[in-house]
Amino acid sequence: CPCGYLGHFRKECRCSANEVTRYQKRISGPLLDRIDIFVDVPPIEYGKLAEIVSAESSESVRLRVERARQRQIDRFAGTRLLCNAEMNAPEVKDFCQMESGCSRLLKTAMDQLCLSARSFHRIIKLSRTIADVDGEPVVRTHHLAEALQYRQRES
């Protein structure tokens, strides 16, 4: 929203619904369609920032990402492709094998979210990447569900 406090847990947004809608429509649908991941990042309270919690190390995250990238390099050996994001629609069909439950979930998502063809393929490519990070050779329903959660939500 224009004031920046829509959804803030402490500060109240003072924008009208019309102002929020007008502000959010400044970015065109076709441009938004080209963004793969939307994540809401709420403000963090001091207590959470000051906590001493052992989190996953950057090194272990880096290793997981490197393994996922290597899976993609191996998958695309002999093609012009380097990563999942570069696939076109026919390549998505060739390289993104999905378990049987995925087609039902994808159809429901298409119907309920009114996904464009571009969004449809982007979700499949993202779910393939999530499966790569998990070390899975096939896209599973939970990979697809996670990819769907990263789509932009209507306000």
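Predicted model: local features only at pLDDT ≥ 70, side-chain atom pairs only at ≥ 80, totals over all residues.
Let's start with α6 and α8. Helix α6 covers residues 101-113 and helix α8 covers residues 141-149; their axes come within 9 Å and cross at roughly 20°. Angles under 35 degrees count as roughly parallel, so α6 is roughly parallel to α8. The crossing here is right-handed. On the α6 side, the contact is made by Gly 101, Cys 102, Leu 105, Leu 106, Ala 109 and Leu 113, while α8 brings Thr 141, Leu 144, Ala 145 and Leu 148. Sort these residues by class and you get 8 nonpolar, 2 polar and no charged.

Now turn to α7, which also meets α8. Their axes come within 8 Å and cross at roughly 125°. That angle makes α7 oblique to α8, and α7 passes α8 in a right-handed crossing. From α7, the residues involved are Ile 123, Leu 126, Ser 127, Ile 130, Ala 131 and Asp 134; they meet His 142, His 143, Leu 144, Glu 146, Ala 147 and Leu 148 in α8. The class count for this contact is 7 nonpolar, 3 polar and 2 charged residues.

Helix α7 has another partner to look at, α4. These two pack at an angle of about 120°, with their axes 8 Å apart, and their crossing is right-handed. Arg 64, Ala 68, Arg 71, Gln 72 and Arg 75 are the α4 residues in this contact, and they meet Arg 128, Thr 129, Asp 132 and Val 133 in α7. Which classes do the residues of the contact of α4 with α7 divide into? There are 2 nonpolar, 2 polar and 5 charged.

| Helix pair | Axis distance | Crossing angle |
|---|---|---|
| α6 and α8 | within 9 Å | roughly 20° |
| α7 and α8 | within 8 Å | roughly 125° |
| α4 and α7 | 8 Å | about 120° |

Notes:
Residues numbered from 1 in each chain as written. Heavy atoms only, no water. Axes fitted to C-alpha atoms, helices over the stretch in contact; angles between N-to-C directions. Helix = DSSP H or I, 4+ residues; strand = E, 2+ residues; numbered from the N terminus. Parallel < 35°, antiparallel > 145°, perpendicular 65-115°, else oblique. Left-handed = near helix turned anticlockwise from the far one by under 90°. Contact = heavy atoms within 4.5 Å. Nonpolar A, V, L, I, M, F, W, Y, C, P; charged D, E, K, R; others polar.
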